[in-house]
Amino acid sequence: QVQLLESGGGLVQPGGSLRLSCAASGIIFSRNGMGWDRQAPGKQRELVATITSGGMTNYADSVKGRFTISRDNAKNTMYLQMNSLKPEDTAVYYCNVRLNWGQGTQVTVSS
């Protein structure tokens with residue numbers, strides 16, 4: 001059974017940074033593409049970033065140049081480095097692997 005656990009969310013000021021982590025189990029980590037979604041109140045869930053098993057990355061236009069997705073196969077962990085955060089980035093962020101999602105971690109960007 002795939003299990004995903006997000007962590008690293010919190011409250012930050014605009015322009016600040018956070019690094020989210022996703023610890024995965026129940027999969028052969030190195031063979032799977034992964035990604036991060038987010039959902040803000042009243043809005044549709046949005047795919048933020050993806051990373052393939054080969055390390056190729058892709059980003060939503062809204063976060064390009066500010067967010068970086070990465071993975072550490074030895075630790076079965078995926079990361080989302082978020083810089084230059086904006087209030088519009090406020091959302092619950094979810095790790096996804098093969099149609100599985102964790103419980104999410106709250107990111108709030110506010111003064």
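This is a predicted model: local features need pLDDT of at least 70, side-chain atom pairs count only at pLDDT 80 or more; totals for chains, interfaces and linings use all residues.
**Exercise 1. Find what the side chain of asparagine 32 reaches, and at what distance.**

Step 1: asparagine 32 is also in the loop between S3 and S4. With 9% relative accessibility, asparagine 32 is buried.

Step 2: its side chain reaches the backbone oxygen of isoleucine 28 at 2.8 Å. That's a polar contact, meaning a pair of N or O atoms within 3.5 Å; within protein, one must be able to donate a hydrogen and the other to accept it, and residues adjacent in sequence count only if both atoms are side-chain atoms.

Step 3: Setting aside neighbours within four places in sequence, asparagine 32 is in contact (heavy atoms within 4.5 Å) with Ile27, Ser53, Arg71, Val97 and Arg98.

**Exercise 2. Work out which strands pair with S9, and in what sense.**

Step 1: S9 covers residues 91–97, and six of its seven residues are buried, so the strand is largely enclosed by the rest of the structure.

Step 2: go partner by partner, remembering that two strands pair if DSSP finds at least two bridges between them.

- S4 (residues 34–39) pairs with S9 in the antiparallel sense over five bridges; here glycine 35 bridges to asparagine 96.
- S11 (residues 105–109) is antiparallel to S9 over three bridges; alanine 91 has valine 107 as its bridge partner.
- S10 (residues 100–101) is antiparallel to S9 over two bridges; valine 97 bridges to asparagine 100.

Step 3: check the turn. S9 and S10 form a hairpin with two residues between them, and arginine 98 in that turn has a positive phi of about 50°.

**Exercise 3. Find the disulfide and describe its handedness.**

Step 1: there's one disulfide in the structure. The cut-off is a pair of cysteine sulfur atoms within 2.5 Å. Cysteine 22 and cysteine 95 form it, with their sulfur atoms 2.0 Å apart.

Step 2: the torsion about the S-S bond of cysteine 22 and cysteine 95 is about -70°, so the disulfide is left-handed.

Step 3: cysteine 22 lies in S3 (residues 18–25) and cysteine 95 in S9, so the pair ties together parts that are 73 residues apart in sequence.

Step 4: check the burial. Cysteine 22 is buried at a relative accessible area of 0%, and cysteine 95 is buried at 0%.

**Exercise 4. Describe the surroundings of threonine 105.**

Step 1: threonine 105 belongs to S11. Its relative accessible area is 10%, so it counts as buried.

Step 2: a polar atom of the threonine 105 side chain lies 3.1 Å from the backbone nitrogen of glycine 9.

Step 3: not counting residues up to four places away in sequence, threonine 105 touches Glu6, Ser7, Gly8, Gly9, Leu20, Ala91, Val92 and Tyr93.

**Exercise 5. Sum up the whole fold in numbers.**

Step 1: the protein has zero helices and eleven strands.

Step 2: for 111 residues, a compact globule would have a radius of gyration near 13 Å, and the protein agrees with 13 Å. That radius is taken over C-alpha atoms, and the globule rule is 2.2 Å times the number of residues to the power 0.38.

Step 3: of the 111 residues, 40% count as buried. Among contacts between residues at least 6 apart in sequence, 52% join residues at least 24 apart.

Note on methods:
Residues are numbered from 1 along each chain as its sequence is written. Side-chain values use heavy atoms; hydrogens and water are left out. Buried means under 20% relative accessible area, exposed over 50%, partly exposed in between (1.4 Å probe, protein chains only). Helices (H or I, at least four residues) and strands (E, at least two) are DSSP runs, numbered from the N terminus.
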